[in-house]
Amino acid sequence: MMKRSFLYERDFWGICKVVETILCLEVGSKDLFYCSLKGLFHTDNYLYIRVFDEGFTYRLIPLKREGLIIICRDPYEMLKILLKERFFTYDMLKKLIDMCSLTSYVYIDLFKKYDDYDLYIINVVKDLKRCCDDPRHVPRICRAENILTELMIMSTRTRLFLEKTGEHILAQKIYMERLVNDFMRLSNRKDPFLEDFLELIKGSL
């Protein structure tokens with residue numbers, strides 16, 4: 001009998017309201033996938049993601065009814081996907097899966113359309129990889145838990161922020177500057193790619 005997916009287990013979520021995930025969709029053939037960062041939400045009845053009306057995922061996902069949800073602990077791997085490697089061959093995708101803790105094969109159904117984003121229900125068919133037997137031990141990132149993850153999310157929401165009032169924009173600018181400064185102070189990674197990303201965000205504030 002197939003085990004129930006960890007994604008439906010209350011113990012997997014703990015105090016998390018949103019878990020950061022990587023959504024990978026097949027593009028054209030079985031040897032090319034498009035991967036993007038998505039927050040996975042849950043209620044008592046279902047799992048869902050929000051797809052904002054920007055970027056390739058918004059155009060691709062209505063054509064696809066299936067994909068992979070990949071959960072990692074290291075935000076640096078997510079950062080590379082956001083800025084460098086959106087398109088993955090099968091071999092590249094396999095390496096990403098090997099580095100992460102949980103991979104699930106899912107069906108994706110449109111639930112509701114909004115002005116700025118669409119809501120999609122995630123139906124898990126099966127877990128392709130489990131790091132462990134206990135859902136409480138799955139390494140994952142809760143949204144608002146990691147500074148770098150917060151920076152990545154905020155950097156993809158520029159247009160939405162610009163639609164707000166001047167007061168909201170000023171508050172967002174102050175918040176982002178604090179996050180960048182805190183991360184640069186706390187991070188032990190001496191990586192030119194990471195430093196360039198942080199400088200890019202600071203320069204856009």
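The legends below describe close-up views of a predicted model of one protein chain.

Residues are numbered from 1 along each chain as its sequence is written. In this predicted model, local features need pLDDT of at least 70 and side-chain atom pairs count only at pLDDT 80 or more, while totals for chains, interfaces and linings use all residues, and side-chain values use heavy atoms, with hydrogens and water left out.

**View 1. The whole chain and its confidence.** The protein chain has eight helices and seven strands. Helices (H or I, at least four residues) and strands (E, at least two) are DSSP runs, numbered from the N terminus. The mean pLDDT, the predictor's confidence in each residue from 0 to 100, is 79 for the protein chain, and 66% of its residues reach 70 or more. Confidence is highest in strand β4 (residues 66-71), at a mean of 95, and lowest in helix α6 (residues 158-162), at 54. Where pLDDT is low, the predicted coordinates should not be read in detail. Of the 205 residues, 44% count as buried; buried means under 20% relative accessible area, exposed over 50%, and partly exposed in between (1.4 Å probe, protein chains only). Contact means heavy atoms within 4.5 Å. Among contacts between residues at least 6 apart in sequence, 69% join residues at least 24 apart.

**View 2. The largest nonpolar core.** A nonpolar core is a set of buried Ala, Val, Leu, Ile, Met, Phe, Trp, Tyr and Cys residues joined through side-chain atoms within 4.5 Å. The largest one here has 27 residues, and L7, F12, I49, I61, I108 and I122 have the most contacts inside it. Two or more residues come from each of α1 (10-13), β1 (18-27), β2 (29-42), β3 (47-52), β4, β6 (102-113) and β7 (117-130). Strand β1 gives the most, with four residues. In soluble globular proteins, nonpolar side chains tend to be buried together.

**View 3. The surroundings of I49.** Neighbours within four places in sequence are left aside in this view. The remaining contacts of I49 are L23, K38, G39, L40, I61, D118, L119, Y120 and I122. Two of these, I61 and I122, are listed with I49 among the residues with the most contacts inside the largest core. Apart from that core lies another, of 15 residues, including C72, L96, C100 and I141.

**View 4. Strand β7 and its partners.** Two strands pair if DSSP finds at least two bridges between them. Strands β6 and β7 are antiparallel and pair over 11 bridges; within this pairing, L110 has Y120 of β7 as its bridge partner. A hairpin of three residues joins β6 to β7. Strand β3 also pairs with β7 in the antiparallel sense, over six bridges. There, L47 has I122 of β7 as its bridge partner.

**View 5. The two sides of helix α4.** In helix α4 (residues 90-99), the buried residues are L93, L96 and I97. Seen down the axis of α4, they fall within an arc of 100°, so they line one face of the helix; the arc is that of the directions from the helix axis to the C-beta atoms. The face turned away from this buried side carries the exposed residues D91 and K95. An α-helix has 3.6 residues a turn, so residues three or four places apart point the same way.

**View 6. The disulfide of C16 and C142.** A disulfide is a pair of cysteine sulfur atoms within 2.5 Å, and the structure holds three. The sulfur atoms of C16 and C142 are 1.5 Å apart. This pair links distant parts of the chain, 126 residues apart: C16 lies in the loop between α1 and β1, and C142 in the loop between β7 and α5 (147-155). C16 counts as buried because its relative accessibility is 4%, and C142 counts as buried at 12%.

**View 7. The other two disulfides.** C24 in strand β1 and C35 in strand β2 are 11 residues apart. Their S to S distance is 2.1 Å, and the link is right-handed, with 110° about the S-S bond. Both C24 and C35 are buried. C72 and C100 form a disulfide with sulfur atoms 1.6 Å apart, also right-handed, with 60° about the S-S bond. C72 lies in the loop between β4 and α3 (75-83), and C100 in the loop between α4 and β6. C72 is buried, with a relative accessible area of 1%, and C100 is buried, at 4%. With the bonded cysteines numbered in sequence order, the pairing is 1-6, 2-3, 4-5.
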